[in-house]
Amino acid sequence: MIYRESGQFKTSYVADQAVFPIAQDRWFIAAWLLVGFVLVPLIANEYMLRAILIPFAIMALAALGLNILVGYCGQLSLGTGGFMAVGAYAAYNLCIRIPELNPIIAFVIAGGFATLVGILFGIPSLRIKGYYLAVATLASQFFLEWLFNRVQWFTNYAPSGSVSAPPVTLFGLTFDTPVLKYLLCLAILVVFALVAKNLVRGRIGRAWMATRDMDVAAEIIGIRPMYAKLSAFAVSSFFVGVAGALWAFIHLGSWEPAAFDINRSFNILFMVIIGGLGSIVGAFLGAAFITTLPLILNQAPQWFGIALSTAMISHLEFMIFGALILFFLIVEPLGLARLWRIGKEKLRLWPFPH
Amino acid sequence: MGFFLEVLLGGLMAGVLYSLVALGFVLIFKASGVFNFAQGAMVLFAALTFVRLMEIFHIPMVVALALTVVVMVVLAMVIERAVLRPLVNQPGISLFMATLGISYFLDGFGQAVWGSDIYTLDVGIPKQPIMLLESVFDGGVLVPSEDVVATIVAGLLVAALAVFFQKTKIGRALRAVADDHQAAQSVGIPLNYIWVIVWTVAGLVALVAGIMWGTKLGVQFSLTFVALKALPVLILGGFESIPGAIIGGLIIGAGEKLAEVYLGPYVGGGIENWFAYVLALLFLLVRPEGLFGEKHIDRV
């Protein structure tokens with residue numbers, strides 16, 4: 001009754017091609033933006049911002065990027081952590097070596113560097129596919145991790161290998177409080193989500209999806225596989241690179257290459273798969289789920305008053321995390337985004353099912 | 001020359017150990033098309049079970065080995081029932097994710113039950129290095145004897161698997177399933193049962209690999225990373241090929257050791273971690289389905 005598009009007539013092509021053609025969707029998104037930008041900063045305490053909301057915003061951005069590559073273009077990648085590291089270290093070096101450069105601009109240029117690296121490591125995808133490609137992308141993960149560990153130029157010859165980010169400023173405003181950091185990450189996330197949404201429903205997104213569904217058939221109907229695959233790698237790496245720069249500068253502050261190890265790659269892949277392949281909403285849902293889950297698992301024993309050794313807690317965390325992943329895959333192999341879609345369909349008919 | 005041979009032999013033998021892990025991957029991929037990322041976790045779990053059974057209950061090695069085999073069989077049955085059966089006919093990536101979930105679960109479960117320290121494993125493999133070719137080179141070529149044992153065991157294992165696959169009824173059924181699930185099912189091969197067998201065999205291969213690696217490095221969490229080393233072996237040899245796993249392992253093992261010794265000093269060392277992948281990638285650019293993988297013909 002509430003969620004109905006009947007009576008909403010489109011009278012122009014612009015209205016027909018809108019991102020959210022249904023008015024209720026527009027209201028819904030506006031409400032979420034209002035919650036995100038106004039309500040949350042007002043009510044969230046520092047712990048929530050630091051531990052949940054900032055990581056969520058950054059990881060959602062990374063998951064969006066990976067989703068473009070894995071979900072839309074069908075190229076399984078396990079090298080996300082490496083590309084994040086490229087973004088982080090590129091931004092760091094830009095800021096250190098060109099002090100006049102604004103960090104926000106450095107993030108974007110860092111994304112550009114990640115794009116170049118992504119295209120380079122995407123080249124094998126033209127020859128190999130499927131799991132062979134997945135394993136091949138691991139090469140980028142290990143190579144990049146090694147590069148930032150061993151080549152000291154990238155860490156500005158820091159003796160411990162750990163580097164600290166300079167403060168992030170914009171128009172004289174320093175992003176040093178959790179609220180400001182959160183707002184910055186959220187703003188960037190919203191912009192990138194809009195870009196992603198528009199990319200995937202445009203010409204290039206259709207080319208990606210055709211390549212994903214059957215690359216030979218896509219080639220036959222005139223989609224250049226090289227263009228489709230490499231552009232997916234490029235866009236995805238750009239997103240992931242910016243996310244990496246944000247993760248390092250905003251969330252971590254000071255970091256070492258281990259912050260972008262293979263577990264990071266798996267983590268983001270989990271978000272994409274649990275959230276739903278080939279879905280923008282899925283990236284958000286997956287990121288929310290995977291960032292909050294370890295925190296809940298960590299706190300849960302205390303709520304029940306069970307005293308466990310830290311080693312035991314970490315083992316149990318592993319177990320429950322693995323079991324939950326299995327549970328979700330079995331219950332809904334297409335991810336949370338699928339549940340979302342089912343919910344929407346049901347809501348359309350509710351409360352009169354006929 | 002003596003040094004070169006020593007590095008080469010060391011690399012080849014390390015490669016045999018990689019092959020042992022890669023074999024488990026290949027078996028499961030062949031029979032069910034699942035890219036089983038949990039193989040590394042299975043290696044750790046099997047080795048932990050074995051070593052802790054001996055330590056905690058003070059039982060003889062043979063009994064512990066038998067019990068571990070039972071545990072691996074039960075594990076295979078549980079995985080088939082709880083994970084594979086509900087996920088049948090799902091896309092490959094969901095199954096791959098599921099095995100990642102299994103590997104997280106097994107890592108946590110194994111360490112929660114058996115403890116997470118480093119356990120030394122001694123199954124009576126001699127530790128003294130063997131001196132070879134002393135008459136040919138000055139100083140000869142030193143070969144660690146546990147590596148020699150590992151090589152022999154790997155050879156026996158491959159021979160046994162080959163006989164099992166080629167000569168037994170179950171082996172034929174496995175090959176039929178690998179060839180075509182539906183066709184195999186239509187001639188009356190029970191898929192679920194076959195999957196239990198395959199995962200059991202993979203579990204046993206993991207046990208052997210776990211014992212070999214455990215003797216070399218001690219049984220500890222880092223054994224799971226050995227699986228990551230087996231991946232380049234896998235893509236180099238081809239996902240569907242048992243000989244590919246062996247030869248891929250040898251090439252990767254020898255290649256990365258030689259690269260580390262002769263190339264490493266120029267670029268700052270520690271290149272072992274990624275060199276294997278780059279080597280495998282270069283091969284893949286020439287042969288996209290690996291050295292011995294089956295060539296797939298895409299149909300639209």
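Helix axes are lines fitted to C-alpha atoms over the stretch in contact, and the angle between two of them runs from 0 to 180 degrees between their N-to-C directions. In this predicted model, helix α4 (residues 80–97) of chain A and helix α11 (residues 262–275) of chain A pack in these terms at an angle of about 110°, with their axes 7 Å apart. Chain A and chain B also touch: 38 residues of chain B are in contact with 36 residues of chain A. The points below take up the packing of helices, the contact between the chains, individual helices of chain A, and selected residues.

**Packing of α4(A) against α11(A)**

- Angles of 65 to 115 degrees count as roughly perpendicular, and α4(A) and α11(A) are therefore roughly perpendicular to each other.
- On the α4(A) side, the contact is made by Thr80(A), Gly81(A) and Met84(A). Their partners in α11(A) are Ile262(A), Arg264(A), Ser265(A), Ile268(A) and Leu269(A).
- By class, the residues of this contact between α4(A) and α11(A) comprise four nonpolar, three polar and one charged.

**Packing of α1(B) against α9(B)**

- In chain B, the axes of helix α1 (residues 2–32) and α9(B) cross at roughly 70° and come within 8 Å.
- From α1(B), the residues Tyr18(B), Ser19(B), Val21(B), Ala22(B) and Phe25(B) take part in the contact. They meet Val226(B), Ala227(B), Lys229(B), Ala230(B), Val233(B), Leu234(B) and Gly237(B) of α9(B).
- The residues of the contact of α1(B) with α9(B) divide into nine nonpolar, two polar and one charged.

**Contact between the chains**

- The contact involves 36 residues of chain A and 38 residues of chain B. On the chain B side, α4 (92–114), α9 (223–237) and α12 (272–286) each supply at least two residues.
- Helix α4(B) provides the largest share of the side of chain B that touches chain A, with 14 residues.
- That side of chain B has 27 nonpolar, nine polar and two charged residues.

- A bend of about 35° occurs in α3(A) at Leu66(A). The helix is mostly covered, as 21 of the 27 residues of α3(A) are buried.
- Just after α3(A), Gly74(A) has a positive phi of about 75°.
- Helix α4(A), with 18 residues, reaches 26 Å from its first C-alpha to its last, close to the 26 Å expected at 1.5 Å a residue. This helix is mostly covered too, with 15 of the 18 residues of α4(A) buried.
- Helix α10 (residues 225–252) of chain A has 28 residues and extends 38 Å from its first C-alpha to its last, close to the 40 Å expected at 1.5 Å a residue.
- A kink of about 25° in α10(A) is centred on Leu246(A). Of the 28 residues of α10(A), 22 are buried, and the helix is thus mostly covered.
- Gly253(A), which follows α10(A), has a positive phi, near 85°.

**Selected residues**

- Gln8(A) lies in the segment before α1 (13–16) of chain A. A residue counts as exposed if 12 or fewer other C-beta atoms lie within 10 Å of its own; Gln8(A) has 11 and is therefore exposed.
- Leaving aside residues up to four places away in sequence, Gln8(A) touches Ile22(A) and Ala23(A). Gln8(A) and Phe56(A) stand 48 residues apart in sequence, and their C-alpha atoms are 35 Å apart in space.
- His58(B) is located in the loop between α2 (39–57) and α3 (61–84) of chain B. With 8 other C-beta atoms within 10 Å, His58(B) is exposed.
- Most residues other than glycine have a negative phi. His58(B), although not a glycine, has a positive phi of about 50°.
- Ser145(B) belongs to helix α5 (residues 145–167) of chain B. This residue is partly exposed, with 13 other C-beta atoms within 10 Å.
- Ser145(B) and Leu95(B) are 50 residues apart along the chain, and their C-alpha atoms are separated by 39 Å.

Note on methods:
Residues are numbered from 1 along each chain as its sequence is written. Chains are lettered from A and ligands numbered from 1 in the order in which they are written. This is a predicted model: local features need pLDDT of at least 70, side-chain atom pairs count only at pLDDT 80 or more; totals for chains, interfaces and linings use all residues. The bend at a residue is the angle between axes fitted to the seven residues ending there and the seven starting there. Helices (H or I, at least four residues) and strands (E, at least two) are DSSP runs, numbered from the N terminus. A residue is buried if 20 or more other C-beta atoms lie within 10 Å of its own, exposed if 12 or fewer, and partly exposed in between; C-beta atoms are placed from the backbone. Two residues are in contact if their C-beta atoms, placed from the backbone, lie within 7 Å. Ala, Val, Leu, Ile, Met, Phe, Trp, Tyr, Cys and Pro count as nonpolar, Asp, Glu, Lys and Arg as charged, and the others, Gly among them, as polar. Angles under 35 degrees count as roughly parallel, over 145 as roughly antiparallel, 65 to 115 as roughly perpendicular and the rest as oblique. The expected span of a helix is 1.5 Å times one less than its number of residues.
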